[in-house]
Amino acid sequence: MNKTETLIPKVGVITDVRIDTADIKTFRVVTPDGKKAFDHMPGQCAMLSIPGVGEAMFSITSSPTNTEYMEFSIKKCGCVTEWLHQAEVGQQITIRGPYGNAFPVESTEFRGKKLLFIAGGIGIAPLRSVINYCRHYRDNYKSINLVYGSRSMDDLVNYDEILNEWTKDKEMYIYLTVDKEDPDWVKHVGFVPNYVKELKYTPDRVAIVCGPPIMIKYTVAALKELGFKDKQIYTTMELRMKCGVGKCGRCNIGSKYVCKDGPVFRYDELGELPDEY
Amino acid sequence: MQMKEYKPLIVAFCCNWCSYAGADLAGNNRLNYPAEVKIIRVPCSCRVNPMFILRAFQRGADGVIICGCHPGDCHYTSGNYYTRRRMATLFSMLDYLGIEKERTRVEWVSAAEGAKFAATMNDFVKTVASLGENKRLEDLRCKR
Amino acid sequence: MQKITTEQLIEKAAELMNEGKVASVLGWEKGEFGYDVTPGIFGSVDELKAKFVYGDFSAANLSKYLVKKTEMVQGQALVFLKTERKILIFLKPCDSYSFNQLLTEHRFDREKVYAVGVQCDGMVDIEKVKKIAGDGLLSVDTSGNDVVVKTLYNGDMKIAKADVLAERCVNCKSKKHVAYDELLGETGEVIDSNRFDEVERIEKMTPDERFAFWQNELSKCIRCNACRDACPACTCEKCVFDNPKSGVENKSPANSFEEKLFHIIRAYHVAGRCTDCGECSRVCPQNIPLHLLNRKFIKDINEFYGDYQAGAEVGSRAPLVDYTVNDVEPGEVFDRGDENA
Amino acid sequence: MRKIALENIDMLFSAISDKMSLFLPVDQNDGKAAYTKWEEGKKWSCALNTVKSPKDFFFPQTEDMMEFKVDGKNIEVIDTRKASEDFVVFGVRACDVRAFDILDRVFLTDPCDSYYATKREHGIIVSLACTRPSETCFCTAFGIDPSNPKADVSAWKTEKELYMQSNTEKGEKLLKVLADVTDEADEEKVNEQKEQISSIMKRLPLAGLDTSEFGGGKTDEFFHSPAWDELSETCLGCGTCTFVCPTCQCYDIKDFNTGKGIIRYRCWDSCMYSEFTRMAHGNNRNSQKERFRQRFMHKLVYYPENNEGIFGCVGCGRCLSRCPISMNIVKVMKALGGKENE
């Protein structure tokens, strides 16, 4: 990316809008000439904006191995997201990035390891990028597990892809759960942290956790009960960001800036930071 | 380049029950008043927040006029009494800051006073036109 | 008139604390140089003895802190003691007006507060001292009617206190405490002050001069919001200038319009409720005479609707939420002004 | 080293402003100095410092970044920046000069902020030694020498003359421009002044302020200190300290709809504001204590941690004299360091 343009965005076009749940949609974005806006690594974020409404940071949910477009799974919760949810195909927005660090998919921290992904609700968004990346370079990793839960069956994001593609992969094990019982739901019912405990994962793998803060907290506790060490647990953080480049002064936790040093943190790194997130 | 004739932009906040109907009547009776008067209908003249007036100037208005029911005739009993106090103090403050007092006005226009509405607007437009463009409460960003 | 000393205040506070009547004390805390006094909350007698100060620089109006702090004391009282322990606040005469005004607006619980009125001999404006003594003040003290200054460059100096009184004290509107449970020192009378002279001077200028005057003053604004945050009348839970949905949330003085918008609306939102305590001008880092905006409203309200002093009594109805059938018309107010001129 | 008689100082100013814009502290009608564009008749202030710091020249309080034209579903991004011209900021004190270093480390590190960088490239800074530091000064605590300020050109004002010494290529160029109005000078008077200033610095009330307790890696030590409660208790949550501070660099990016297009601008923001970190899902600094702590921890711990031990404060004393409640970094340092009663 050109140095003089860190804060000046490119124009992006929404080419597809997929309705995932009642409050989550997935947007496909390309540049006006139909290309991918920029390359990224799994876990990185992009700044999307609607002029006059605002700018906000979103994790890129599509895999870097997808060379045609980028996807963003976005939950309706603020001004920008509300506006986006009303947007139609063909709507232009602005996009800049990529920002932040990525999951260490290329280092030995992940390579050659068993991977355990744990997601809650919209927390699947950043993990989907990693999972698809790992599926693409399948031989670099050992078994992949995914424990994914949400409030109800209708709140599971990306359900079709999980059901139709991921479950069919070899050495990929998917465990879905919902919080509340439903006559149509035949799989597991219960909260994610408890499910993780029930599944009795052995600590010979790397855990990647993403979801609401409370779910992360209890899931990490569950993992530690199972014998996982801080160094084996990864998560991604979210704080208010305006610039995306560690200069506007909002997103720091202690001396670390989430938009620059994060959003991906290993749990032992996070432990060194003050409890202000 | 030909000089365009200067036509002031006027924002008129009109109460729904009297003045807006008055404006309607002026129209029905084919009474003339300049097209530069932009009417904003409000439920009561006391709905007009001082911020609305300043924002109107920011967005390019050269004059702002507030029209309501005659005192005592308010649809909500007392709304325009509050308007009267609020606008008296606000306009006095604008004058204190050196902003031409002729750019702001309050006028009571009933639903039956179509002629008064037209006459008021004509007079107000003339007054503001003689002052020229609003320079003292302008936002240059909105002028480009 | 006998001067009230720091020790007397500490003694009173300690007594009330030891009796268990109050749990904490809202007062003033010593600084580094004698003049940089900070509002402080004292939780123990030791703390009071170590840090409490009352003097020529105890200028801060403490009333606004009651809005948040009484809730805190209430919490403490429930936890520690069954008895009703209160927060002690010291009120200078002008603070007592703000106290009443907040009470009128139901912004704090009177039952949770023990108010001690303290005699005020006027506060000193350190800026004025520095103008005379120059930079490098090593210490500032009062003795009698003089301010004694030790400086690094101009030696020691004695300055008449009257020459360095804060503007609001020069034009003090009242030495009367309008609210207290107990009084230390003497209370005075409402003063027929000259506080509107400056407003009148500006009114008599031509519109062009007025515009130039305010343009110059307001252009200094850095939008730090200190005037708003220090104002005891500004107690909205969410200020319109902080609310992204208000459409006017502007964090910076992007141009002269936004400066004016902010200052007109700030003054307007407290019109009829402003007690003229002068905190806005005192805290302004750019020395903008903000009180002249507030006083214009007070003066107008007095002239249009009859004399009204916000905070003079609890429960009075502010003029802008009131009306009479025969109020002056907005168009007539200018004619009146001309008559007076 | 070059010198010019103070009685001819206007010749110097006019020689500079013939070539480029010159900004220097000028007394306003309230007696306070503010950086003002020099023109014939403007008098250079002898005030120790300005209320608003010179960071404004490189990181303006409000700055338009770009414009968007929206047409139906389409958006056009327009870079509205104009070509920058050289300018001189004259009379910058040693503390504010260090502040530029601190800002540089934020804005010029990768990814470089082009808005700041361009202005920095075009700005020439002439510093000025402090002959009369005030009681609120504590720059020496951060290793700043007010008798020997850095920047492109260093200057010393003696009773009758102004001495100037260039330190950079840009400074050299400027002094060349001024060769006609200045004379060659030796360093005797300057050295004399340097000694004088050092002896004054030792007599200042805050001369003994100790920074050794602070620095990178001390987050755990100070973050949970009980002192924060008391220190922040009466903080009003206004932005005065951050806006007068020469090193505070937090900003906000906002859009303004002009009716004809959308201007995206950047403006100063303050970590003391309640809205600062609020986002759709909540706020991670909900109380004034947390926001207050953030500001001082950033200056004393976080910044040095990320920048080789350099503190984020320069001891200019602006917050000491301007805070509405007279709470400031010195009081914080003393309270946290436990040296309050010494």
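How many residues does the contact take from chain C and from chain D?

## Contact between chains C and D

The contact takes 32 residues from chain C and 38 residues from chain D. Two residues are in contact if their C-beta atoms, placed from the backbone, lie within 7 Å. On the side of chain C that touches chain D, at least two residues each are supplied by β2 (38-42), β5 (137-143) and α9 (226-230) of chain C. Of these elements, β2(C) gives the most, with four residues. Helices (H or I, at least four residues) and strands (E, at least two) are DSSP runs, numbered from the N terminus.

By class, this side of chain C has 17 nonpolar, eight polar and seven charged residues. Here Ala, Val, Leu, Ile, Met, Phe, Trp, Tyr, Cys and Pro count as nonpolar, Asp, Glu, Lys and Arg as charged, and the others, Gly among them, as polar.

## Basis of the model

This is a predicted model, in which local features need pLDDT of at least 70 and side-chain atom pairs count only at pLDDT 80 or more, while totals for chains, interfaces and linings use all residues. Residues are numbered from 1 along each chain as its sequence is written, and chains are lettered from A and ligands numbered from 1 in the order in which they are written.

## Contacts of chain A

Chain A contributes 33 residues to its contact with chain D, and chain D contributes 39. The elements of chain A that give two or more residues to this side are β4 and β6 (92-99). The side of chain A that touches chain D has twelve nonpolar, 14 polar and seven charged residues.

Chain A has no contact with chain B, and the closest C-alpha atoms of these two chains lie 14 Å apart. Chains A and C are likewise not joined by any contact, with their closest C-alpha atoms 9 Å apart.

## The two domains of chain D

Chain D is divided into domain 1 (2-203) and domain 2 (219-336); these bounds come from an automatic or database domain assignment. The centres of the two domains, taken over C-alpha atoms, are separated by 25 Å.

In chain D, 32 residues of domain 1 are in contact with 27 residues of domain 2. On the domain 1 side, β4 (62-71) and α2 (94-107) of chain D each supply at least two residues. The largest share of that side, nine residues, comes from β4(D). The residues of the domain 1 side divide into 17 nonpolar, six polar and nine charged.

## A sheet in chain C

In chain C, five strands form an open sheet in the order β2-β1-β3-β4-β8, with mixed pairing. Two strands pair if DSSP finds at least two bridges between them. Because β2 and β8 (182-184) of chain C stand at the edges, each with a single partner strand, one side of each is left without a neighbour in the sheet.

Strand β4 (residues 113-118) of chain C runs parallel to β8(C), and three bridges join them. The bridge partner of C:V118 in β8(C) is C:L184.

Helix α1 (residues 79-86) of chain A has the buried residues A:V80, A:T81 and A:L84. They lie on the same side of α1(A), because they cover an arc of only 95° around the axis; the arc is that of the directions from the helix axis to the C-beta atoms. A residue is buried if 20 or more other C-beta atoms lie within 10 Å of its own, exposed if 12 or fewer, and partly exposed in between, with C-beta atoms placed from the backbone. The buried residues of α1(A) pack against β2 (24-30), β3 (45-50), β4 (54-59) and β5 (70-75) of chain A.

In strand β12 (residues 233-236) of chain A, A:I233 and A:T235 point one way and A:Y234 and A:T236 the other way, and all are buried.
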